[in-house]
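Welcome! Work through the exercises below with the model in view, and try each task before you read its solution.

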Amino acid sequence: MSKEKKNLALGAVAVVVLAAAAFMLFQSRSTAELPSQFVADAVCLACGSEVQANRELTDRPPWKCPGCGERAVCPWMYCYDCQRRFVPAPIKHEGEPPTMPAIAACPQCGGTSTGSYVAEDPDQVVQGDLPLPKWP
Ligand SMILES: [Zn+2]
Ligand SMILES: [Zn+2]
């Protein structure tokens, strides 16, 4: 390989590395600014299987179940009062698929200190799960 060709090859490698670095920077920045996806710990009310649902933020539950195909996958909620995980009863609609309430009181203790269940949250100690509501 002549000296000129070698320099050319090194230059090409440098361009690729720079492009990769720029791409990675762009990627991390864009995901930090626009978190459009989240992972929810969810359960299918139709077949009872636990689902790690990777969803768009705009995508409202219930979601389609990868196991049984029903649109019955609902995210777990958490009650800070009795430390249970639960799924609120779906809201039925005439002639339309059921939807899930965004906020719900705990079906066990009636407490309103409830929120989305986040497995990584150290404040959410799970003492148990409440029975799942009936799927319409
Ligand atoms: Zn299912
Ligand atoms: Zn409760």
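Two strands pair if DSSP finds at least two bridges between them. Helices (H or I, at least four residues) and strands (E, at least two) are DSSP runs, numbered from the N terminus. This is a predicted model, in which local features need pLDDT of at least 70 and side-chain atom pairs count only at pLDDT 80 or more, while totals for chains, interfaces and linings use all residues. Residues are numbered from 1 along each chain as its sequence is written, and chains are lettered from A and ligands numbered from 1 in the order in which they are written.

**Exercise 1. Describe the hairpin of strand 7 and strand 8.**

Step 1: Find strand 7 at residues 91-93 and strand 8 at residues 96-99; they pair in the antiparallel sense over two bridges.
Step 2: Pick one bridge: histidine 93 has glutamate 96 as its partner in strand 8.
Step 3: Look at the turn. Two residues lie between the strands, and glycine 95 takes a positive phi near 70°.

**Exercise 2. List the elements of the chain in sequence order.**

Step 1: Count them: there is one helix, and there are 10 strands.
Step 2: Read along the sequence, and the pattern is α-β-β-β-β-β-β-β-β-β-β.

**Exercise 3. Work out the strand order of the antiparallel open sheet and find its edges.**

Step 1: The four strands of this sheet come in the order 2-1-4-3.
Step 2: Strand 2 (50-56) and strand 3 (63-64) are the edge strands, each pairing on one side only.
Step 3: Check one pair. Strand 3 and strand 4 run antiparallel and are joined by two bridges, and lysine 64 stands opposite arginine 71 in strand 4.

**Exercise 4. Explain why strand 9 and strand 10 each have a side without a neighbour in the sheet.**

Step 1: Recall that strands of a sheet pair through backbone hydrogen bonds, either parallel or antiparallel.
Step 2: The open sheet with mixed pairing holds four strands in the order 9-5-6-10.
Step 3: Strand 9 (114-116) and strand 10 (128-129) stand at the edges with a single partner strand each, so one side of each is left without a neighbour in the sheet.
Step 4: Now see a parallel pair: strand 6 (residues 84-86) is joined to strand 10 by two bridges. In strand 10, glycine 128 is the bridge partner of arginine 84.

**Exercise 5. Decide whether glutamine 83 is buried, exposed or partly exposed, and find what it touches.**

Step 1: A residue is buried if 20 or more other C-beta atoms lie within 10 Å of its own, exposed if 12 or fewer, and partly exposed in between; C-beta atoms are placed from the backbone.
Step 2: Glutamine 83 has 15 C-beta neighbours inside 10 Å, so it counts as partly exposed.
Step 3: Its place is the loop between strand 5 and strand 6.
Step 4: Two residues are in contact if their C-beta atoms, placed from the backbone, lie within 7 Å. Leaving out residues up to four places away in sequence, glutamine 83 touches Val125, Val126 and Gln127.
Step 5: The C-alpha atoms of glutamine 83 and valine 125 are separated by 6.2 Å, although these residues are 42 residues apart along the chain.
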